[in-house]
Amino acid sequence: MSSDNDSGGKRPTWPGGIAAVLTQMEGRRDALAYAETEAPPAADLDLAPLAARIVTDPDDDPAEAPPFRSSYHRKRHALRKELTGESELAFLNGLLIAHLRKRDFPAHIPALFQRLWAEQGAHLLDHLNQRWLVSAVTTFGDHGTTPTQRSVGLALTVLFGTMKLYESERLYSGLNADRPFALDQKARGPLPMEMDAYAIANGGLDVNMIGRLWTEAEDDPVIRPLAHHLLDLLIHDERTLFRRLMTMRARKSRADARKAPATPKRGDNPAPVPEAQRGLSPETLRWGLVSTIRAPLPQIARFAAHHIELGAAALHIYLDAPEAETVAFLSRHPSIHLTQCDEAYWQASGKPRMEAHQLRQAHNATRALRETADSLHWLGHIDVDEFLLPDRPVSGILADISPRHALARIAPAEALARDDGPPQHFKLTHRQAGQPKAVLQEIYPTFGLHLYGGFLSHSSGKVFARTGIPDTRLGIHTLKYRGEEASNRAKPADIHLAHLHAPSWEHFLTHLAFRRDKGSYRARSSRPEMGQADLIGFLAEEEGEAGLRLLFDEVCADTPELREKLAAHDMLLSRDFDPDAAVARVFGARP
């Protein structure tokens, strides 16, 4: 067997080899010494009061100020100086870490460190800076009480230590930490240890590293919040190797796309965008909505008022079962254009009234799309129980969509049901949040595997379509061009479609029969496994109302438990939503 320094005649990086490395590492690990009147924190120390006590400048305290009586006094003074203004819990964390970095320490210190993070971890995550958080996770690697604590702590220690070394050396390239290297300056030399180079275009090493650390940390309740918090900080930091690699990947993808031959992809069917649609600004762009509605007047008024306040230039409402009171009330507003879909309407259209309401919706939407070509630039097709929730003005969102795109698909957010007012919280699908399908069983343990994205309603969203494009038809979830779905669609990230599909238990029950017969709960013969319709049918017939209530409570009800699970996976959307107040502002009074 060769010795540590015998590596085929090669010179070691550290003179003296591994023996010198170990000697240097051990050189500063002598235990802290105490003066006669000093003692470490007690094992049964009451931690809760320390959260409200603030560290003061040690030089102002005769008991803490120099001259130093011991190495313990010196370390206490340095920590209190650094952490002046923070809580005493932050100081205690630093003091325990200082002990645990030494070769010897009082026997109860590891258990006190464990108790500190088990009982006060949330406070420490809120008050410690990132350097101290890394020090804490390193300490778990050395002194964890479970295999998960030790493995995750050690792995994160190596990850952050390697990053610090690499990022420090990279500064000598002259580039700031947020600036990636150019793609055309890659050297061709080999990597150390006979490694293959990371594949910029499709490499998975970065994802596998972060994902494995995140997943392994989930097995321990003490280290999980700390490890997940550090990894979340890492993936949101714009100055890391990981972010630079992602930027380089995007650049390479664009460069490869420019070099690729312009052969149409299978199923490619772009609808041509009219020249008049190009160069629109948020100030010049006009958008509107079309909806075929059979609902009580108060519900229609909420729908109209909400979208008029968002800036809709026109609402084209087709009343599927017109009533005089509804027509009289809504006709007062100049932005609302009513069409009464009575017998005379269908006779004039040259078509018999379709039995399926979905066909009537598509017919009316397409008619509105053609008739608004001279007055609107974009027309959205949504239902009366759907409400746009934009993060900024809708006109700005639509104006920013590339002129290459003929339609924009708006992702749905299903409302969580409450009995004391309009919904304030909405859930997203796992796919929208970039989560694996497996999270559905964690969030909805009984029914998650049978509901796509955890939704009772549609998960495909609704669309805005550009007007003025010939040979187009506007459907419920898509725009068709020359008989096929238009492929040039955008997916804006800063707007959602709130769907009040089951805003209350009573609403869910009231609409159940219609939805099972003609709506979103009707059976789909193309799906072999138990899906939404089969599940609801089984519960209704085998378990009755009790089974349906179990489904509703787990999947639809606005509970703290469900919100917490959704938020943990970036699947919760919260908004101030008050359509009744919008009605009062727009119409002056509620019907």
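1. Contact here means heavy atoms within 4.5 Å. By that criterion, and not counting residues up to four places away in sequence, Arg-76 touches Glu-64, Phe-91 and Leu-95. Arg-76 is located in helix H2; helices (H or I, at least four residues) and strands (E, at least two) are DSSP runs, numbered from the N terminus. Arg-76 counts as buried because its relative accessibility is 18%, where buried means under 20% relative accessible area, exposed over 50%, and partly exposed in between (1.4 Å probe, protein chains only).

2. The basis of the note is as follows. This is a predicted model, in which local features need pLDDT of at least 70 and side-chain atom pairs count only at pLDDT 80 or more, while totals for chains, interfaces and linings use all residues. Residues are numbered from 1 along each chain as its sequence is written, and side-chain values use heavy atoms, with hydrogens and water left out.

3. Salt bridges, overall. Side chains of opposite charge can pair when their charged atoms come close. A salt bridge is taken as a side-chain nitrogen of Lys or Arg within 4 Å of a carboxyl oxygen of Asp or Glu. The count under this rule is 28 salt bridges.

4. Which residue forms a salt bridge with Arg-302? The partner is Asp-580, with 2.7 Å from N to O. This pair links distant parts of the chain, since Arg-302 belongs to helix H10 (residues 297–309) and Asp-580 to helix H19 (residues 579–587), 278 residues apart. Arg-302 counts as partly exposed because its relative accessibility is 28%; Asp-580, at 24%, is likewise partly exposed.

5. A second salt bridge joins Asp-320 and Arg-360, whose closest N and O atoms are 2.8 Å apart. Distant parts of the chain are again linked: Asp-320 sits in the loop between strand S2 (314–319) and helix H11 (324–330), and Arg-360 in helix H13 (residues 357–371), 40 residues apart. Both Asp-320 and Arg-360 are buried. These two residues also belong to a network of salt bridges that links Arg-294, Asp-320, Arg-353 and Arg-360.

6. Arg-392 is partly exposed, its relative accessible area being 32%.

7. Helix H9 (residues 241–259) has 19 residues and reaches 27 Å from its first C-alpha to its last, close to the expected 27 Å at 1.5 Å a residue; the expected span of a helix is 1.5 Å times one less than its number of residues. Which residues of H9 are buried? They are Phe-242, Arg-244, Leu-245, Met-248, Arg-249 and Ala-255. These residues lie on the same side of H9 because they cover an arc of only 150° around the axis, the arc being that of the directions from the helix axis to the C-beta atoms. An α-helix has 3.6 residues a turn, so residues three or four places apart point the same way. The buried residues of H9 pack against helix H6 (147–170), helix H7 (205–217) and helix H8 (223–236), whereas Ala-257 and Arg-258, on the other side of H9, are exposed.

8. Val-327 lies in helix H11 and counts as buried because its relative accessibility is 16%. Not counting residues up to four places away in sequence, Val-327 touches Leu-319, Leu-338 and Gln-340. Val-327 and Gln-340 are 13 residues apart in sequence and, C-alpha to C-alpha, 8.4 Å apart in space.

9. Pro-66 and Pro-67 are joined by a cis peptide bond, with omega of about 5°; Pro-67 is in the loop between H1 and helix H2 (71–82). Arg-482, although not a glycine, has a positive phi of about 55°. Arg-482 lies in the loop between strand S10 (479–481) and strand S11 (484–485) and is exposed, with a relative accessible area of 60%. Asp-570 also has a positive phi, near 55°, in a residue other than glycine. Asp-570 is in the loop between helix H18 (560–568) and strand S14 (572–574), and at 55% relative accessibility counts as exposed.
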